[in-house]
Amino acid sequence: FGYSYYYLSSFFNKNFGIGFSSYVNRYRAQYASHLLKETDADITEIASMCGFASIRNFNRVFKNIYGDSPKVYRQKTRK
C-alpha cells in the first residue's frame, strides 16, 4: 500500500480496535477453520495454505482465537 507497518497498525487500532497483525491472524484462522471443517487436508498443509510460517505459530494463534487446537477443533466440528 505504500504505508509503513507501524502506520497501518496504528490506523487499524484506531479505526477497528485491533492491530494489523491481529486482524491478519484472525482472517487466516477464520479461513483455516473453514478448511478444517470442509476438507480432509493435513493440518500442516492448511497452516501453509493460510499463510502461517510454522505449524507452531499456527497452533498458537488458532488456539488463542478458537480455544482449541486445530486437531481438536476439527474433531469437534466434524461430529
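The exercises below concern a predicted model.

**Exercise 1.** Determine how the axes of helix H2 and helix H5 are oriented to each other.

*Solution.* Two packed helices are described by the angle between their axes and the distance between the axes.
Step 1: the axes of H2 (residues 20–38) and H5 (residues 70–77) come within 9 Å.
Step 2: they cross at roughly 50°.
Step 3: angles under 35 degrees count as roughly parallel, and 65 to 115 as roughly perpendicular; H2 and H5 are therefore oblique to each other.
Step 4: the handedness of the crossing of H2 and H5 is right-handed.

**Exercise 2.** Identify the residues through which H2 and H5 meet, and classify them.

*Solution.* Step 1: H2 contributes Ser-33, Leu-35, Leu-36 and Lys-37.
Step 1: on the side of H5, the partners are Pro-70, Tyr-73, Arg-74 and Thr-77.
Step 2: sorted by class, this contact of H2 with H5 comprises 4 nonpolar, 2 polar and 2 charged residues.

**Exercise 3.** Is Ser-9 buried or exposed?

*Solution.* Step 1: Ser-9 is located in helix H1 (residues 5–16).
Step 1: its relative accessibility is 18%, and buried means under 20%.
Step 2: Ser-9 therefore counts as buried.
Step 3: with residues up to four places away in sequence not counted, Ser-9 touches Gly-19 and Phe-20.

**Exercise 4.** Which elements of the protein chain have the lowest and the highest mean pLDDT?

*Solution.* Step 1: the protein chain averages a pLDDT of 93, and 97% of the residues score at least 70.
Step 1: among the elements, H1 has the lowest mean pLDDT, 87.
Step 2: the highest, 98, belongs to helix H4 (residues 55–66).

Methods:
Residues numbered from 1 in each chain as written. Predicted model: local features only at pLDDT ≥ 70, side-chain atom pairs only at ≥ 80, totals over all residues. Heavy atoms only, no water. Axes fitted to C-alpha atoms, helices over the stretch in contact; angles between N-to-C directions. Helix = DSSP H or I, 4+ residues; strand = E, 2+ residues; numbered from the N terminus. Parallel < 35°, antiparallel > 145°, perpendicular 65-115°, else oblique. Left-handed = near helix turned anticlockwise from the far one by under 90°. Contact = heavy atoms within 4.5 Å. Nonpolar A, V, L, I, M, F, W, Y, C, P; charged D, E, K, R; others polar. Buried < 20%, exposed > 50% of the residue type's maximum accessible area, 1.4 Å probe, protein only. pLDDT = per-residue confidence, 0-100.
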